[in-house]
Amino acid sequence: MQNGSYYKEMYIVSDSKPVPVVIRSYTQEDFEELIAIQAECFPPPFPKDLWWNKEQLLSHVTRFPKGALCVEVEGEIAGSMTGLGTNFDPAHPDHTWSEATDDGYIRNHRPDGDTLYIVDISVRPKFRKLGMGQLLMQSMYHVVIQEGMVRLLGGGRMPGYHKVASKMNGKEYLDTVVKGELHDPVISFLLRCGRTPVTVVKDYLEDEESCNYGALMEWRNPFCSL
């Protein structure tokens, strides 16, 4: 990390061929592409007004560039991930995405916060089998460690929940996914990334597939004793 930003070069292997990958802080030059990625990742019925706009993205790169990351595969942006610093009280976990992220504008970012709160992660469908989401998540873990934070935290969508909502509540659904009895595209991915469940939050985000629930999941900094 240099000058308040993040930059890492590496290779992945795709079809037995090494492919160059760069994970870096995104900049204003990336905004159009990042908004296009949102449209690919969150098609209807996901609300369009929850896609990034340029004012939000400008706030990200201005207030916390280490927490505004994108991943490039052979020069093409494959996805992005955004976070902010905050303080989290485990005794009072309930909140909405809007409250935690300032509606995605992160004007409430706290440089001295004990928690890196994930605002969003988006990976283009054609790149998902290459593990880009996990690489972005691992990079955010690096930020947690470098900043001396206690945890990474965020509310995961539960897009498979609407299929079984008549049979179980949100917590039961999360428990069932954790046990491996059901697969959820988002929650199962977060588990593979090392995230662990904290609780289920009602009315977390306007999201029909999740019935407006969010699964609050964390990663604890192994170098922090708290």
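A residue is taken as buried when its relative accessible area is under 20%. In this predicted model, strand 4 spans residues 76–86. Of its 11 residues, 10 are buried, so strand 4 is largely enclosed by the rest of the structure.

Strand 4 pairs with two strands. With strand 3, the pairing is antiparallel and runs over 6 bridges. Ala68 stands opposite Thr82 of strand 4. The hairpin formed by strand 3 and strand 4 has 2 residues between the strands. In this hairpin, Glu74 adopts a positive phi near 50°. With strand 5 (residues 115–123), strand 4 again pairs in the antiparallel sense, here over 8 bridges. Gly79 faces Val123 of strand 5 across this pairing.

Glu72 lies in strand 3, which covers residues 68–73. Its relative accessibility is 18%. This value falls under the 20% limit, so Glu72 counts as buried. The side chain of Glu72 makes a polar contact with the side chain of Arg24, at 2.7 Å. Arg24 is also among the residues in contact with Glu72 once neighbours within four places in sequence are set aside. Pro20, Val21 and Val22 are on that list too. Ile77 and Ala78 complete the set. Both fall within the span of strand 4, residues 76–86.

How values were computed
Residues numbered from 1 in each chain as written. Predicted model: local features only at pLDDT ≥ 70, side-chain atom pairs only at ≥ 80, totals over all residues. Heavy atoms only, no water. Helix = DSSP H or I, 4+ residues; strand = E, 2+ residues; numbered from the N terminus. Buried < 20%, exposed > 50% of the residue type's maximum accessible area, 1.4 Å probe, protein only. Polar contact = N/O pair within 3.5 Å; in protein donor to acceptor, adjacent residues only side chain to side chain. Contact = heavy atoms within 4.5 Å. Pairing = 2+ DSSP bridges.
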